[in-house]
Amino acid sequence: MTGRDRYLNVDQVAELLGTTPRFPRRLIAERRITFVKVGRHVRIPESALAEYLAAHTVQPLRPRRTRVRRAA
């Protein structure tokens, strides 16, 4: 986290992820993402969201070369 992070609320994170607010709330409840409590409000730093996404990004496999079989 940097000092210039933007802090997002649950609804903003849900919108960025294209999910309902329930998903970011679950990430918070299960302590799977970094968050900040400001009084009773919960905020997620943009950098924490970026780290979470990077850690859960699956890279595609390289396509296999297919052998061309010749008819006998």
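In which crossing, left-handed or right-handed, does H1 pass H2? The first legend below gives the answer. The model shown is predicted, with local features requiring pLDDT of at least 70, side-chain atom pairs counted only at pLDDT 80 or more, and totals for chains, interfaces and linings using all residues. Residues are numbered from 1 along each chain as its sequence is written, and side-chain values use heavy atoms, with hydrogens and water left out.

**View 1. The crossing of helices H1 and H2.** H1 passes H2 in a right-handed crossing; a crossing is right-handed if the near helix is turned clockwise from the far one by less than a right angle, and left-handed if anticlockwise. Helices (H or I, at least four residues) and strands (E, at least two) are DSSP runs, numbered from the N terminus. The axes of H1 (residues 10-17) and H2 (residues 22-29) come within 8 Å and cross at roughly 115°. H1 is therefore roughly perpendicular to H2. Axes are lines fitted to C-alpha atoms, for helices over the stretch in contact, and angles run from 0 to 180 degrees between N-to-C directions; 65 to 115 degrees counts as roughly perpendicular, under 35 as roughly parallel, over 145 as roughly antiparallel and the rest as oblique.

**View 2. Residues in the contact of H1 with H2.** On the H1 side, the contact is made by Val10, Val13, Ala14 and Leu17. On the H2 side, Phe23, Pro24, Arg25 and Ile28 take part. Contact means heavy atoms within 4.5 Å. By class, the contact has seven nonpolar, no polar and one charged residues. In this classification Ala, Val, Leu, Ile, Met, Phe, Trp, Tyr, Cys and Pro count as nonpolar, Asp, Glu, Lys and Arg as charged, and the others, Gly among them, as polar.

**View 3. The loop between H1 and H2.** Both Thr19 and Pro21 are placed in this loop. Pro21 counts as partly exposed at 31% relative accessibility, and Thr19 likewise counts as partly exposed at 31%. Buried means under 20% relative accessible area, exposed over 50%, and partly exposed in between (1.4 Å probe, protein chains only). Leaving aside neighbours within four places in sequence, Pro21 is in contact with Val10, Asp11 and Ala14. Pro21 and Asp11 are ten residues apart in sequence, and their C-alpha atoms are 5.5 Å apart in space. Thr19 touches Ala14 and Pro24, not counting residues up to four places away in sequence. The C-alpha atoms of Thr19 and Arg65, 46 residues apart along the chain, are separated by 37 Å.

**View 4. The three-stranded antiparallel sheet.** The strands form an open sheet in the order S1-S3-S2, with antiparallel pairing. Two strands pair if DSSP finds at least two bridges between them. The edge strands, S1 (7-8) and S2 (36-38), each pair on one side only. Two bridges join S1 to S3 (residues 41-45): Tyr7 has Pro45 as its bridge partner, and Leu8 stands opposite Ile44. Three bridges join S2 to S3, and the partner of Val38 in S3 is His41.

**View 5. Positive phi values at Gly39 and Arg31.** The hairpin of S2 and S3 has two residues between the strands, and in this hairpin Gly39 takes a positive phi near 65°. Arg31 has a phi near 55°, a positive value in a residue other than glycine. Arg31 lies in the loop between H2 and S2 and is exposed, with a relative accessible area of 62%.

View 6. In H3, Ser47, Ala48, Leu49 and Tyr52 are buried. The cover over the buried residues of H3 includes S1, H1, H2 and S3. Leu49 counts as buried at 6% relative accessibility. Not counting residues up to four places away in sequence, Leu49 touches Leu8, Val13, Leu16, Leu17, Ile33 and Ile44. Leu49 and Ile33 are 16 residues apart in sequence and 7.3 Å apart in space, C-alpha to C-alpha. Ala50, also placed in H3 (residues 46-55), is partly exposed, with a relative accessible area of 45%. Ala50 and Gln12 are 38 residues apart in sequence and 14 Å apart in space, C-alpha to C-alpha.
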